[in-house]
Amino acid sequence: GIGFAATGGTAVAEIQFADYVYPAFDQIVNEAAKYRYRSGNEFNCGGLTIRMPGMAVGHGGHYHSQSPEAYFTHTPGLRVVIPRSPIQAKGLLLASIASPDPVIFIEPKILYRAAVEHVPNDYYELPLGQAEVVKKGADLTIVGWGSQIYVLEDAIRLAENRLDCTIELIDLRSLLPWDVETVEQSVRKTGRLLISHEAPKTSGFASEISATITERCFLSLEAPVQRITGLDTPFPLVFEKFYVPGVERCFLGIKKALEF
Amino acid sequence: MAARVLRHSKCARRLIHPNKSNFAAPALQIQRHQHADQNEMNETLAQFPGAKAKYTEKLEFLQPDVYNGIPIYRVMDRNGVIFDQTQDPGLSDEELLKWYKSMTMLNTMDKILYESQRQGRISFYMTNYGEEATHIGSAAALQPKDLVYGQYREAGVLMYRGFTLDEFCDQCYGNIADRGKGKQMPIHYGSVDLSFVTISSPLATQMPQAAGSAYAFKRAQNGLVVICYFGEGAASEGDAHAAFNFAATLECPIIFFCRNNGYAISTPVQDQYRGDGIAVRGPAYGMSTIRVDGNDALAVYNATAAARDIAVKENRPVLIEAMTYRIGHHSTSDDSSAYRSVDEVRYWNQRDHPITRFYNYIQRKGIWSEEQDKAWKDDTRKQVLQAFARAEKRLKPAWSEMFTEVYDELPQDLKRQKEEMEAHVKMYKDKYPLSNYESS
């Protein structure tokens, strides 16, 4: 893929499951990410897009459920993109393929058979590096991506019913580079932030968002940034329902942020 | 030129004298006389450190088909008739029947557990159809404490060693009796008592690990070997190369056992490699190698026994490539009719099935009959269904088990996460399926 792209080709590589990307880690991190930088722009492998199904699927256990985005967001030179729906997936994937940078494109596999939308037939791109405000609100900003967006929508519905509030939901879409401005703008308005992802808590991408927003919006914050995430263990098979950040845990996080 | 480069390095300035070469003289001596005694030049080996070989003046490539297909060692034909009586290992009737019963019990268990996944009772399953002889024949040639690293299609090795039907079913159900405590998908078996390292999904990762364990065995001088099973698809992974080369250079007592069953999920062997399968790679790494009829349990046994002997006595790796055919789908997540013909599958099932061939052999020997076979097959069904029913009734482990064994000891931060979850689940107990789990 890298070599194909380095000679001007467009390569879309598919990793069967994100959990199996690691044999390619050296190539992705040491080569693809640094191709343009190390050669003084004489060479690049921007024509490369690597797609991989990720995240929980209900019965995947350790090796068919992982969310490996944080390994790649830690590598400058890569783009990391995660779509939440069919319409988003097509636009973001086409943009990723057209992008002059190598892109890691993680597709929440549970959505393959669960998400239905009327996807336009013609070619269209959605912008990389740009988050989308999926729902507007005034009291709390929630940031998520991929399949977790649906869990968050359910938690928001619950919270807006019970807690007399309105909540703004942002789909980050691109994790690297990520749209700091959109999140910052929202948090300056709401004063509260909650981030949720299936990946484990320690060094999960929520840590990056939390640190950056705390740096930039410290005086706007009315509560500590909440992270509702997977636990710091390998992804357990029969305990999946207890492991993933479900509606109840997200609701409690919302409550904690609002009532601080 | 090298000296010029080094002069720019701060480190090199300390290390080398700019006017004096710091490099050792090359190993190859420069010939002062051209065409010195021609005979002498032809007879002597080149002195390159990298290869001890003769010179040639002929421009000739070694072609990939130079071996023209490494021959396949077999003992019996499809009717269970032995070709060369000297190759009959002469095992006891009891042992031979143990083989047959293990293979058929495995086959019955596969059928029932595959069905149970289809019924939504277990989440996933992989069958071993067509490869039973590769498991039983090889397992029978090993010592009980020889360490086994598997890929995922070697349940028969565990069966032979005494893993019970309850243990198989408990792991597939991920219940309180599962050694893995429900953390991994079905068929990810493991047993330290039976010297079978717990299976992990990623391919070929077990191979360098197996080489490392064999190295440990050599140092311990315990007279044991490691056997490492893998498929012909896994052999394309980088880890396979690393495993072969480390095992060879570190001189480890390991048997690399390749199950070449024709398919890596949907990838047929035609797309997997261009060389003569996996066997041809063995000599390239300096390993003694044999290709064997994987559907002939006696051949698998003989080859494995001989390989074990070499490995343990000479402390070096041996490669066995067992040719066989994957009769079943890759897993319950696969429908192989999408990429291969039903006729092809039927051919192997009906014409060259390892269990049928072994049945023919023991029937010819007069130690097994059709009546016994029918009674036994009914018995296997009964036994599997009973174990299955027991496993189904058992609860899942307490959900707090999720936090155990991440590390040897529970770290403080994880302990806090556990306590938060405990409080959370208590508050929301009707939102979690607690009745399926043992209480914490």
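Here is a short chat about reading an interface and a pocket in a predicted model.

Me: What should I know before starting?
Reply: Residues are numbered from 1 along each chain as its sequence is written, and chains are lettered from A in the order in which they are written. In this predicted model side-chain atom pairs count only at pLDDT 80 or more, while totals for interfaces and linings use all residues, and hydrogens and water are left out of side-chain values.

Me: How many residues of chain B are in contact with chain A?
Reply: Contact means heavy atoms within 4.5 Å. Here 35 residues of chain B touch 27 residues of chain A.

Me: What area do chain B and chain A bury between them?
Reply: Interface size is often given as the accessible area lost when the parts come together; the probe is 1.4 Å and the loss is summed over both parts. The two chains bury about 2,500 Å², 72% of it on carbon and sulfur atoms. On the chain B side, M185(B), M402(B) and Q417(B) lose the most, together 22% of what that side buries.

Me: How many salt bridges are there between chain B and chain A?
Reply: A salt bridge puts a side-chain nitrogen of Lys or Arg within 4 Å of a carboxyl oxygen of Asp or Glu. The count between these chains is zero.

Me: Which residues lie closest to the centre of the second largest pocket?
Reply: A pocket is an open set of points on a 1 Å grid over the protein atoms alone, where a 1.4 Å probe fits, with protein on both sides within 12 Å along at least five of seven lines; lining residues have an atom within 4 Å of a point. Of the 38 lining residues, G58(A), L237(A), V238(A), E240(A) and K241(A) are the closest to the centre.

Note on methods. Predicted model: local features only at pLDDT ≥ 70, side-chain atom pairs only at ≥ 80, totals over all residues.
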